Each structure stands twice: as structure tokens, then as C-alpha cells.
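Here are some questions and answers on a protein model. Look at the sequence and structure first, then read on.

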Amino acid sequence: KYLEEKTPDIKVFYLQTGQKFRDFISEPGYTGALSKEIYDAGGLQPSFLAVWIWADMLIKNFKDDEHLIIDGTPRKLGEAILFHDAIKFYKRKMNVVCINVSREWSKEKLMARKRQDDLEGMIDKRLDWYEEDVVPAIEHLRNSSDVNFFDINGERPISEIHEDIVERLFK
């Protein structure tokens, strides 16, 4: 919304992989069924599917005159390296906003959503693979000299988090 108001002549391309995975596993097909098994068990999807989802979205829909906002990827080190490569291909500067919250805070908020996959055991599995797989991807981007990396404290009111992000990215 901020970008749309600040630059109304530039569209925002919002790439969000989580919903695409949920849509994918609800469709018939062998690959989707295997992916659904992983989803139902609270596991992390294989990198080739994650890369396929975001690469397909970029290739088919992204235009050169749009802002690009990515949510939910990359989730593994190899994906981070490929995504970094894609951003270079598109001749973009990568700004990473990492909204940091504690495991306890995360678990509390996920349980409160009451989504079908938000059972306590499933949440613990997702938080475990976050620490094992996602953190190395974050560290790769944090330590890349051509990436602007912003750590944001996420355990605050949304309005404060938004102000912090806007201030760091645009001022």
C-alpha cells in the first residue's frame, strides 16, 4: 500500500509462495499429492518445487517496470543462492527485510490463527526446520556484499514495524 501511494505510476508485483503451495496441493496430480503429504506432515517442501513456483511466477508475470516484493522464499540455502541469481538477472538491487521474532512469539501467533495446519506439533516441526534450513538462507543473504539487509524487531505493533521498514528502506 505504501509503494502504491508513494509511486502510483509503478505497479507492485507481490510474489508469495505459501498460498501458491496451498493451491498446488489442492489440485489433482501425482506431484501435488506428494507435496500434500509433506505439507500435512508439517515438512519443508523440496527446493525444486519452491524454485519452480517462484521462478514460474516471475517468468510469466513479472514486468520490468514493477516493484518486486517477495514473501515466503527463499527457505533453504540453495534456494537463496538461486534467488539471488534471479534478482541479478532482473538487474535489481536486493533489499532484504528480516522480521525477527522469538520462537515462543511465533508459536503463540501461529496457534491463534487456528488454521488447519496450525496444530502444536506441526508448528514445532515448522519452527525446527526454520532454524535448520531457513536461517542459513538468511545468513547467506545477510552476508552478501550486494544485498541491503535490514533486521526488524517483529514483536511490536504492526504500525511501528511498518514505520521502521519504511524508514530503513526509503529514507
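Q: How many aromatic pairs are there by the ring-centre rule?
A: This is a predicted model, in which local features need pLDDT of at least 70 and side-chain atom pairs count only at pLDDT 80 or more, while totals for chains, interfaces and linings use all residues. Residues are numbered from 1 along each chain as its sequence is written, and side-chain values use heavy atoms, without hydrogens and water. Rings of Phe, Tyr and Trp (its six-membered ring) pair if their centres lie within 6.5 Å; planes under 30 degrees apart are stacked, over 60 edge-to-face and the rest tilted. By this rule the count is six.

Q: What is the angle between the planes of Phe-62 and Tyr-90?
A: The two rings form an edge-to-face pair, 5.3 Å centre to centre. The angle between their planes is 85°.

Q: Is Tyr-90 buried, partly exposed or exposed?
A: Buried means under 20% relative accessible area, exposed over 50%, and partly exposed in between (1.4 Å probe, protein chains only). Phe-62, at 11%, is buried. Tyr-90 has a relative accessible area of 23%, so Tyr-90 is partly exposed.

Q: Which side chain of opposite charge is nearest to Glu-79?
A: Lys and Arg count as positive, Asp and Glu as negative, and His and the chain ends are not counted. A salt bridge needs a side-chain nitrogen of Lys or Arg within 4 Å of a carboxyl oxygen of Asp or Glu. Glu-79 is buried yet has no salt bridge. At 5.3 Å, the nearest side chain of opposite charge is Lys-76.
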